[in-house]
Amino acid sequence: AEAAAFFVVAFLRDPVERFLAGFEEATYRLVGEARKAHAGEGADIDDKAPWRRRVPAALAESMDAHVREAEPRLRDVEGVGKGDISFRIWREWWARPQALALFDEYVALHHRPEAPFDTHLRLQSSMLASKVEALDFVGRVESLTDDWSALAARFGARPGYLDRACLAGEEDGKKQRGFLGCGGQAPQLRLNPDHSLAPQRLDASTLKLVCAHVQPDAACLGLESKWCSGVVDA
């Protein structure tokens, strides 16, 4: 009875594209953890640091070495703010040839779907199964605007979306709450087109492994990736 009081919604993404974006985000977070570990001049590498214990050794060593080299160099570059350093380090690391090879190695040898080294590598089916028993509405990130508008229409609402201005706004003396009460347009999809790790860059064997890793999303959610058509069974 309590569950019936809620309308459960999920917006899902192409499983392969999400897995690759998750690995990119995981490596960006590693930059921050490596920088913290080496805060202060002369900081030594600690092979037993918590972040290194959960990350595949070759990936951790590569990121660690690059951070130690790049941070002092970028710290003194005019126009590079403190908030930009991590992003610059991360982009430089991905520009190295070994970055893609380390991803290939991770997929082939180290990825554990039940316990990946970063939460961004968890499958959508796994994350949903840990939170809900059933979904009342499933939208796709790739058709975000149309699906969100359809969701709003289902409740007879305008398609304006949840943001701070909406939450703080008042209409007829009442504080608005989320897209159900706010005007405006449905959200637009704004994925970064400049990915360092894209399906097109993967060789056939690595793509086949990625498709196998994300197969539970297809089995549990009917979420087929356009990149896996004919790949897993090939």
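Which helix holds both Phe 87 and Trp 90, and how many residues apart are they? Both lie in helix α4, three residues apart, about one turn of the helix.

## Basis of the model

This is a predicted model: local features need pLDDT of at least 70, side-chain atom pairs count only at pLDDT 80 or more, and totals for chains, interfaces and linings use all residues. Residues are numbered from 1 along each chain as its sequence is written, and side-chain values use heavy atoms, with hydrogens and water left out.

Helices (H or I, at least four residues) and strands (E, at least two) are DSSP runs, numbered from the N terminus. Buried means under 20% relative accessible area, exposed means over 50%, and partly exposed lies in between (1.4 Å probe, protein chains only).

A salt bridge needs a side-chain nitrogen of Lys or Arg within 4 Å of a carboxyl oxygen of Asp or Glu. By this rule the count is seven. One of them joins the side chains of Glu 17 and Lys 226, at 3.8 Å from N to O. Glu 17 sits in helix α1 (residues 15-37) and Lys 226 in the segment after α10 (215-221), so this pair ties together parts 209 residues apart in sequence. Glu 17 counts as buried, at 17% relative accessibility. Lys 226 is exposed, at 61%.

Helix α1 also supplies Glu 33, whose partner is in helix α2 (residues 50-54). That partner is Arg 54, and the N to O distance is 2.5 Å. Arg 54 is partly exposed, with a relative accessible area of 36%. Glu 33 is partly exposed too, at 25%.

## A salt bridge within one helix

Glu 69 forms a salt bridge with Arg 73. Their closest N and O atoms are 2.9 Å apart. Both belong to helix α3 (residues 57-75); being four residues apart there, they are separated by about one helical turn. Glu 69 is partly exposed at 38% relative accessible area. Arg 73 is partly exposed at 37%. The pair is part of a network: salt bridges that share partners join Glu 69, Arg 73 and Glu 92.

## Aromatic pairs

Rings of Phe, Tyr and Trp (its six-membered ring) pair if their centres lie within 6.5 Å; planes under 30 degrees apart count as stacked, over 60 as edge-to-face and the rest as tilted. The structure holds 12 such pairs. In one of them, the rings of Phe 23 and Trp 94 have centres 6.1 Å apart and planes at 80 degrees, so the pair is edge-to-face. Phe 23 lies in helix α1 and Trp 94 in helix α4 (residues 82-95), so the contact ties together parts 71 residues apart in sequence. Phe 23 is buried, at 0% relative accessibility. Trp 94 is buried as well, at 4%.

The Phe 87 and Trp 90 pair is tilted, with 5.8 Å centre to centre and 40 degrees between the planes. Phe 87 is partly exposed, at 39% relative accessibility. Trp 90 is buried, at 11%. Ring pairs also build a cluster. Its members are Phe 19, Phe 23, Trp 93, Trp 94, Phe 103, Tyr 106 and Phe 117.

Helix α7 spans residues 144-154. Leu 144, Asp 147, Trp 148, Leu 151 and Ala 152 are buried in this helix. Seen down the axis, the buried residues of α7 fall within an arc of 140 degrees, so they line one face. The arc is that of the directions from the helix axis to the C-beta atoms. On the other side, Asp 146, Ala 153 and Arg 154 are exposed.

What do the buried residues of α7 pack against? They pack against β1 (9-12) and β2 (137-140). Just after the helix, Gly 156 takes a positive phi of about 65 degrees.

## Thr 206 in helix α9

Thr 206 lies in helix α9 (residues 204-213). The residue is buried, with a relative accessible area of 4%. Contact means heavy atoms within 4.5 Å. Not counting residues up to four places away in sequence, Thr 206 touches Phe 103, Asp 104 and Val 107. Among these, Phe 103 is also a member of the aromatic cluster.
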